[in-house]
Amino acid sequence: MIFEFVADRRCKIKTLLHGHDISKALLAKIKFKGGNIWVNGIEQNAIYLLDIGDKVTIDIPNEIDQNNSLEPIQHDLNIVYEDEHFLVLDKPAGYASIPSSLHSNTMANFVKAYYLDKGYPNQQIHIVTRLDKDTSGLMLFAKHGYAHARMDKQLQAKTIEKRYYALVMGGGKHLPEQGEIIAPIARDEDSIITRHVHPSGKYAHTSYRLIGCFGDVDLVDIKLHTGRTHQIRVHFRHIGYPLLGDDLYGGAMTYGIQRQALHCHTLRFWDPFTEQERFFESGLTDDFENVIMNLQTDLE
């Protein structure tokens with residue numbers, strides 16, 4: 001892929017490119033795997049000294065999965081947005097984001113098959129925002145390594161915004177209209193899967209806003225400020241409001257929803273290639289709406 005930059009100061013090419021999130025590893029890939037660098041149309045190396053106004057053009061080699069390390073699996077995708085740099089999907093519950101010893105039929109496999117069907121030159125799968133297997137909603141994929149690197153910068157700066165809907169129940173109590181949950185999360189000593197709030201854990205911060213109350217069940221809109229494993233599920237159990245359907249963390253299984261009631265409904269990030277904000281939304285899933293409708297009927 002071809003990208004162009006204009007030098008705004010006297011510096012080496014590698015210094016200019018580093019300021020645009022071109023890492024040493026990506027520079028090495030350009031040098032050794034078929035890429036190139038030009039300055040004002042003339043081939044140069046990364047230590048060439050630029051003048052103000054010089055136009056730097058780089059050609060990043062395509063990413064081919066020569067070892068077939070990820071199996072392509074055909075599956076329908078709900079594509080919310082796509083351009084040459086990013087792919088946004090609305091993920092259904094029941095599919096993990098990436099393969100593991102427990103999961104092989106994953107979103108990564110589906111996207112790999114989609115890329116091959118489309119004949120895209122870059123075949124590596126770059127997931128920017130993962131979701132748990134039984135969490136539904138918006139997922140962001142970068143379609144090449146450079147786009148992934150630029151999104152990683154935003155992840156580190158916590159400028160990618162994800163918001164979630166959840167159905168929670170507090171044993172006859174309702175949540176305040178809004179709140180902050182700041183509590184460190186650690187791995188359970190006797191499990192590689194579950195987590196709990198503990199002083200030895202990593203800092204974790206969750207904000208929420210109460211959307212509605214339906215019998216004993218609350219619908220909340222949640223914003224993550226950190227991205228710990230199972231953060232929302234652990235935090236809401238910690239304050240006494242586990243998610244419906246979340247039997248791993250004590251959620252009620254009696255309301256007709258068979259997975260943790262968690263849905264990523266908003267995704268917002270800055271597109272560094274077009275220099276504009278990207279904003280996407282996804283409505284409530286059918287199982288969420290069925291729970292709410294049934295509870296409203298019971299109240300009538």
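Residues are numbered from 1 along each chain as its sequence is written, and side-chain values rest on heavy atoms, with hydrogens and water left out. Because the model is predicted, local features require pLDDT of at least 70 and side-chain atom pairs count only at pLDDT 80 or more, while totals for chains, interfaces and linings use all residues.

The protein chain comprises six helices and 18 strands; helices (H or I, at least four residues) and strands (E, at least two) are DSSP runs, numbered from the N terminus. Along the principal axes, the C-alpha atoms occupy a box of roughly 75 × 40 × 40 Å. Of the 300 residues of the chain, 49% are classed as buried. Here buried means under 20% relative accessible area, exposed over 50%, and partly exposed in between (1.4 Å probe, protein chains only).

Strand pairing requires that DSSP find at least two bridges between two strands. An open sheet of four strands has the order β1-β6-β3-β4, with antiparallel pairing. Strands β1 (2–6) and β4 (42–43) are at the edges, each with a single partner strand, so one side of each lacks a neighbour in the sheet. Within this sheet, β3 (residues 36–39) and β6 (residues 55–59) are antiparallel and joined by four bridges, and Asn 36 has Asp 59 in β6 as its bridge partner. The loop between β3 and β4 contains Asn 40, a residue with a positive phi of about 50° although it is not a glycine. Most residues other than glycine have a negative phi. Asn 40 counts as partly exposed because its relative accessibility is 45%.

Strand β17 (residues 262–271) is mostly covered, with eight of its ten residues buried. Four residues separate β17 and β18 in a hairpin, and Glu 275 in the turn has a positive phi of about 55°.

Grid points are joined across faces, edges and corners, and a volume is the space filled by probe spheres set on the points. The structure holds one cavity of 30 Å³ or more, and the largest cavity has a volume of about 70 Å³. Its lining consists of Met 1, Phe 3, Leu 26, Lys 29, Ile 60, Pro 61, Glu 63, Asn 122, His 144, Gly 145 and Tyr 146. The elements contributing two or more residues to this lining are α2 (24–32) and α4 (145–157).

The largest pocket has a volume of about 1,500 Å³. It is lined by 47 residues, of which Arg 130, Leu 131, Asp 132, Thr 229 and His 230 lie nearest its centre. At least two lining residues each are supplied by β9 (126–129), α4, β11, β16 (217–224) and α5 (231–238). His 230 is located in the loop between β16 and α5 and has a positive phi, near 60°, as a residue other than glycine. With a relative accessible area of 11%, His 230 is buried.

At the surface, Leu 102, Ile 192, Ile 193 and Leu 248 form a nonpolar patch with about 430 Å² of accessible area together. Patches consist of residues with over 30% relative accessible area and no salt bridge, like charges being joined within 9 Å and nonpolar side chains (Val, Leu, Ile, Met, Phe, Trp, Tyr) within 5 Å. A salt bridge is a side-chain nitrogen of Lys or Arg within 4 Å of a carboxyl oxygen of Asp or Glu, and accessible areas come from the Shrake-Rupley method with a 1.4 Å probe, for residues with only the protein chains shown as cover. Leu 102 belongs to the loop between β8 (86–91) and α3 (107–118) and is exposed, with a relative accessible area of 65%.

Technical notes:
1 Å grid on protein atoms, 1.4 Å probe; cavity = no way out; pocket = protein on both sides within 12 Å on 5 of 7 lines; lining within 4 Å.
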